[in-house]
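I opened the notebook to log a few look-ups on this model.

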Amino acid sequence: MQNPLRFFLLAIAICTLYILPAKAQKLTDQEKLYGLSSFWKEASYNFAYFDKIPTLNWESTYQAFVPQVLATKTDLEYYRTLQRFSALLQGGHTSIGLPQHLAQQLGFPAVEIKAIDRRAIVTNVSTTLKDKLPLGSEIIEIEGIPTQEYVTRNVFPYMTSSTDYVRWSKTIQVSLVGAKGTSVQVKIKSPKGQFSLVTLDRPDGKVEWVKSSPKLPPVEFKWLKNDMAHVAINTFGDKIIIDQFRKALPVLHKAKGLIIDLRYNGGGYSSLSQEIVKHLTEAPVIYGSVWKTQEHKASYKAWGVFVEKEDTTQWGKKPVPTCKEPSGM
């Protein structure tokens with residue numbers, strides 16, 4: 001069974017810029033400013049999708065966050081403020097990770113939640129909660145607040161993703177994260193339509209789950225009705241899937257239909273997915289751009305090549321002249 005808190009910490013750590021040493025002593029104001037400025041600078045130079053967020057003024061947003069990070073009372077609050085800052089970029093691989101000593105302060109009730117139409121549905125619980133919290137129940141309130149309102153206010157602003165449905169999925173899944181050793185009260189609606197209040201502890205230790213999740217093999221094959229073949233490809237991170245898929249091809253050619261199941265695929269290498277696709281069609285396949293990056297040209301910055309009059313400040317009554325690339329260069 002995958003721990004939801006572990007998923008949360010991994011989700012915010014992928015391709016993360018760790019801006020400060022993971023130390024236990026309290027951060028100084030200078031370190032807080034350095035951390036904020038480091039992330040702002042790296043994103044300014046290297047974030048490739050500012051065109052996808054045209055309403056975000058990265059410069060003024062950075063300035064607005066300076067007093068916010070200085071006002072934080074604890075290191076955890078500081079890092080959470082940085083996570084809210086990074087989430088404004090809406091990049092699935094751009095985020096702030098928690099140092100280990102702070103991550104260890106967080107806990108999660110022994111409940112697995114999945115987002116279905118933005119509703120928080122219980123898909124697994126510990127054996128000690130199975131009677132109080134039946135599988136399939138919907139969490140309709142958290143701490144007396146309707147679930148969607150609660151997560152929109154307290155969780156959503158810290159989650160980063162380039163797609164809305166993934167952001168909501170992550171948000172719902174970690175909606176009950178809090179300080180380890182504390183509890184959270186939820187109101188549920190059971191599959192039978194019964195309502196009840198349940199207090200959920202955030203334990204520190206191993207959990208025995210009602211539903212176990214065995215480790216999935218890279219590729220799974222089975223027959224369905226009407227000669228339909230079902231192939232689950234559970235990763236694109238291991239080259240073994242290519243050999244296993246090719247071995248199944250003679251059998252797959254006899255199928256009247258084919259279902260490729262990627263529900264539990266956490267991603268990996270595009271080249272491996274392309275190797276699978278080429279066995280499914282003889283027509284040309286157009287792939288999307290794998291990646292892009294900014295190209296920083298210091299001379300253009302000095303010349304103000306992309307500056308327009310409306311971007312400039314006022315000196316007296318006259319605007320600062322717009323600088324263009326010098327002729328002959």
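The entries below follow that order.

**Entry 1: helix H4.** I am working with a predicted model. I began with the length of helix H4, which runs over residues 75–87.

Next I asked which residues of H4 are buried. I listed Asp75, Tyr78, Tyr79, Thr81, Leu82, Gln83, Phe85, Ser86 and Ala87. What covers these buried residues? I noted four helices among the elements that do: H2 (29–46), H3 (58–70), H5 (100–103) and H7 (164–173).

**Entry 2: H6 against H7.** I turned to helix H6, residues 147–154, and its crossing with H7. The two axes come within 10 Å and cross at roughly 100°. I count angles of 65 to 115 degrees as roughly perpendicular, so H6 and H7 are roughly perpendicular to each other. On the H6 side, I see Gln148, Val151 and Thr152 making the contact. H7 brings Trp168, Thr171 and Ile172. I sorted the contact by class and got three nonpolar residues, three polar ones and no charged ones.

**Entry 3: rings.** How many aromatic pairs does the structure hold? I have twelve. I looked at phenylalanine 47 and phenylalanine 50, whose ring centres are 5.1 Å apart. Their planes stand at 75°, so I logged the pair as edge-to-face; the cut-off for that class is over 60 degrees.

Phenylalanine 50 is partly exposed, with a relative accessible area of 23%; I call a residue buried under 20%.

I returned to H4 for another pair, tyrosine 78 and tyrosine 79. Their ring centres are 5.3 Å apart and their planes are at 80°, so this pair is edge-to-face. Tyrosine 78 and tyrosine 79 are both buried.

I also traced one aromatic cluster. Its members are Phe39, Phe47, Tyr49, Phe50, Trp58, Phe65 and Phe85. Phe85 is also on my list of buried H4 residues.

**Entry 4: threonine 147.** What does threonine 147 touch, leaving out residues up to four places away in sequence? I wrote down Ala120, Ile139, Ile140, Glu141 and Ile142.

Note on methods. Residues are numbered from 1 along each chain as its sequence is written. This is a predicted model: local features need pLDDT of at least 70, side-chain atom pairs count only at pLDDT 80 or more; totals for chains, interfaces and linings use all residues. Side-chain values use heavy atoms; hydrogens and water are left out. Helices (H or I, at least four residues) and strands (E, at least two) are DSSP runs, numbered from the N terminus. The expected span of a helix is 1.5 Å times one less than its number of residues. Buried means under 20% relative accessible area, exposed over 50%, partly exposed in between (1.4 Å probe, protein chains only). Contact means heavy atoms within 4.5 Å. Axes are lines fitted to C-alpha atoms, for helices over the stretch in contact, and angles run from 0 to 180 degrees between N-to-C directions. Angles under 35 degrees count as roughly parallel, over 145 as roughly antiparallel, 65 to 115 as roughly perpendicular and the rest as oblique. Ala, Val, Leu, Ile, Met, Phe, Trp, Tyr, Cys and Pro count as nonpolar, Asp, Glu, Lys and Arg as charged, and the others, Gly among them, as polar. Rings of Phe, Tyr and Trp (its six-membered ring) pair if their centres lie within 6.5 Å; planes under 30 degrees apart count as stacked, over 60 as edge-to-face and the rest as tilted.
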